[in-house]
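Please look through the sequence and the structure below before reading on.

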Amino acid sequence: MYYFIINPHASNGKGLKIWAKVQKYLNKTANAQSYEVFMTEKSGDARRFSRKLTENSTDHKIITVIGGEGTLNEVVDGSCLDQDNISIAYLPTRLDDGLARCFRRKLHFKDQLRNLFHEHEDRVLDYGVLSASGVSRRFVASSGIGFDAAVFQDLYGEKCECVRRKKKIHIGRMTYLKTFLKELQKAKKTRGYIDMDDEVRHEFNNILFISAHVHPYEGGYKLGPNADGADGYLDLCIVSTKYKWRVLWIMMLSLVGRHSRMTGVHTYRCREAVIHTERPLPVHVDGENITLMSDVTLRCVPRKLKVRI
């Protein structure tokens with residue numbers, strides 16, 4: 001039995017179009033009757049569906065996610081992964097999302113389907129966990145605190161949800177650039193510190209954002225260029241600079257992963273990081289806005305996520 005969790009609205013309705021192609025493929029195979037479909041309608045549905053499918057389950061199950069990184073994040077966040085009997089396949093609606101860029105760069109759509117419905121070895125990967133008072137969220141690719149999370153919040157925040165349901169919205173380059181510049185203008189530096197793996201405390205006076213990476217990409221930027229995805233570590237990128245417009249150059253260089261030597265950029269690797277900032281900052285996991293926080297813990301859970309690529 002195969003299980004599909006589908007966000008039909010992802011990427012302006014592309015989720016539904018991809019599902020139509022998958023159905024067409026299914027009808028030509030022996031799997032035509034051996035699948036179950038769950039369509040999301042609102043935020044949280046994918047998490048609820050995956051919890052229902054995996055809670056107290058002893059059988060091996062393959063859950064295929066058709067949607068964006070937010071849908072994948074909810075499925076991973078809701079799944080019970082302790083028994084090692086759950087595999088998650090991912091058919092992204094955008095080829096430029098983080099995991100797509102890591103694993104599927106030139107993989108043809110039909111090749112992805114063949115890998116899904118035929119014997120194919122799963123990859124066992126790490127995932128991250130963000131914890132704070134009353135909050136615990138998994139993330140597949142990255143989590144961010146500060147300016148980067150504010151950009152995601154502005155682009156994909158709840159204030160846009162009602163509009164997105166009524167009509168298609170394409171977030172193009174100009175829209176993104178306007179949001180980037182607006183949030184950079186509003187961004188305020190803050191003091192804070194990071195304790196990594198119970199070792200030396202690193203203090204910063206002008207934090208603009210902190211990103212933690214299981215995989216290299218975040219929103220198209222290669223902020224964690226050396227992140228492996230299966231080594232048990234998080235790669236941290238901290239941008240702390242008195243001159244916040246320097247972020248423009250940092251982010252431009254991060255498109256190709258060459259930002260780490262710039263003044264104001266600090267990179268580390270750790271299994272766990274305890275972060276404190278003097279004032280609350282926006283926080284995201286895989287591009288999904290959480291809330292404002294000033295104290296969070298980020299940790300890596302090694303090799304517990306089975307992914308069928």
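A residue is called buried when its relative accessible area is under 20%, exposed when it is over 50%, and partly exposed in between, with a 1.4 Å probe and protein chains only. The model is predicted, and for that reason local features need pLDDT of at least 70 and side-chain atom pairs count only at pLDDT 80 or more, while totals for chains, interfaces and linings use all residues. Residues are numbered from 1 along each chain as its sequence is written, and side-chain values use heavy atoms, with hydrogens and water left out. Helices (H or I, at least four residues) and strands (E, at least two) are DSSP runs numbered from the N terminus.

**Aromatic pairs**

- Rings of Phe, Tyr and Trp (its six-membered ring) pair if their centres lie within 6.5 Å, and planes under 30 degrees apart count as stacked, over 60 as edge-to-face and the rest as tilted.
- The structure holds eight aromatic pairs; in one of them, the ring centres of Trp-19 and Tyr-35 are 5.8 Å apart and the planes stand at 75 degrees, so this pair is edge-to-face.
- Trp-19 belongs to helix H1 (residues 10-26) and Tyr-35 to strand S2 (residues 35-39), so the pair ties together parts that are 16 residues apart in sequence.
- Trp-19 counts as buried, because its relative accessibility is 5%.
- The rings of Phe-38 and Phe-49 have centres 5.2 Å apart and planes at 40 degrees, so that pair is tilted; Phe-38 lies in strand S2 and Phe-49 in helix H2 (residues 45-54), 11 residues apart.
- Phe-38 is buried at 8% relative accessibility, and Phe-49 is buried with a relative accessible area of 11%.
- Ring pairs also link Phe-147, Tyr-176, Phe-180, Phe-209 and Tyr-221 into a cluster.

- In helix H9 (residues 246-254), the residues Val-247, Ile-250, Met-251 and Ser-254 are buried.
- These residues cover an arc of only 95 degrees around the axis, which puts them on the same side of H9, where the arc is that of the directions from the helix axis to the C-beta atoms.
- On the other side of H9, Trp-249 and Met-252 are exposed.
- Through contacts (heavy atoms within 4.5 Å), the buried residues of H9 pack against helix H6 (147-156), helix H8 (173-186), strand S9 (201-213), strand S10 (234-240) and strand S11 (265-270).
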